[in-house]
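Visitor: I'd like to learn how to read a structure like this one. Please take me through it feature by feature.

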Amino acid sequence: MHPRRRSHDDPAGDVVRWAAFSCLLVPVVLVVYGTSFGGAAGATLGLAAVTAACRALLRHSERVERATAARVFTEGRRPAGTAPHRGRHSRGGAGAHRGCHASAGVLGGAPGGVPPQD
């Protein structure tokens, strides 16, 4: 017997379950408020199609994330093209300066903040 998974173990599953619930609830509400059965059925089919597409995309992204994590673990390094996390508001690399470019011109530097060449 499989141990029961908690909801925080499968956040994508929670999203899909809520979407399925809304696929059932929305047509009932539409009929109660006077929409035709055909219109409610169309809304149900549309919501079901969107839910299925979102589920497929969520599962695909989970597979890719697991594969990337496994590859990183076995290789012992970050994937190519990713930078280390620098904190919430840290700015690193090119363009890390703050302030206005023109402020150097006001303070005696060349216009545009470019220092004069000697």
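Guide: Thr51, for instance, has its place in helix H2. One caution before we go on: this is a predicted model, where local features need pLDDT of at least 70 and side-chain atom pairs count only at pLDDT 80 or more, while totals for chains, interfaces and linings use all residues. Residues are numbered from 1 along each chain as its sequence is written, and side-chain values use heavy atoms, with hydrogens and water left out.

Visitor: What is the mean pLDDT of the chain?

Guide: pLDDT is the predictor's confidence in each residue, from 0 to 100. Where pLDDT is low, the predicted coordinates should not be read in detail. Here the chain has a mean of 75, and 57% of its residues reach 70 or more.

Visitor: At what angle do H1 and H2 pack?

Guide: Two packed helices are described by the angle between their axes and the distance between the axes. Axes are lines fitted to C-alpha atoms, for helices over the stretch in contact, and angles run from 0 to 180 degrees between N-to-C directions. Helix H1 (residues 11-32) and helix H2 (residues 37-75) pack at about 175 degrees, with their axes 9 Å apart. That makes H1 and H2 roughly antiparallel to each other (under 35 degrees is roughly parallel, over 145 roughly antiparallel, 65 to 115 roughly perpendicular, the rest oblique). The contact (heavy atoms within 4.5 Å) includes Ala12, Gly13, Val16 and Cys23 of H1 and Thr51, Arg59 and Glu62 of H2.

Visitor: How do the residues of that contact divide into nonpolar, polar and charged?

Guide: There are 16 nonpolar, four polar and three charged residues. Ala, Val, Leu, Ile, Met, Phe, Trp, Tyr, Cys and Pro count as nonpolar, Asp, Glu, Lys and Arg as charged, and the others, Gly among them, as polar.

Visitor: Back to Thr51: buried or exposed?

Guide: Buried means under 20% relative accessible area, exposed over 50%, partly exposed in between (1.4 Å probe, protein chains only). At 14%, Thr51 counts as buried. Leaving aside neighbours within four places in sequence, Thr51 is in contact with Val16, Ala19, Ala20 and Cys23. Across the chain, buried residues make up 8% of the 118 residues.

Visitor: And what does Glu62 touch?

Guide: Glu62 is found in helix H2 too, and is buried at 19% relative accessible area. Not counting residues up to four places away in sequence, Glu62 touches Asp10 and Ala12. Arg59, also in helix H2, counts as partly exposed at 22%. With the neighbours within four places set aside, Arg59 is in contact with Asp10, Ala12 and Gly13. The C-alpha atoms of Arg59 and Ala12 are separated by 7.6 Å, although the two residues are 47 apart along the chain.

Visitor: How many aromatic pairs does the structure hold?

Guide: A pair of aromatic rings is described by the distance of the centres and the angle of the planes. The structure holds one pair. Trp18 and Phe21 have ring centres 5.8 Å apart and planes at 90 degrees, so the pair is edge-to-face. Rings of Phe, Tyr and Trp (its six-membered ring) pair if their centres lie within 6.5 Å, with planes under 30 degrees apart stacked, over 60 edge-to-face and the rest tilted. Both residues lie in helix H1, three residues apart, about one turn of the helix. Trp18 is exposed at 62%, while Phe21 is partly exposed at 46%.

Definitions and conventions: Helix = DSSP H or I, 4+ residues; strand = E, 2+ residues; numbered from the N terminus.
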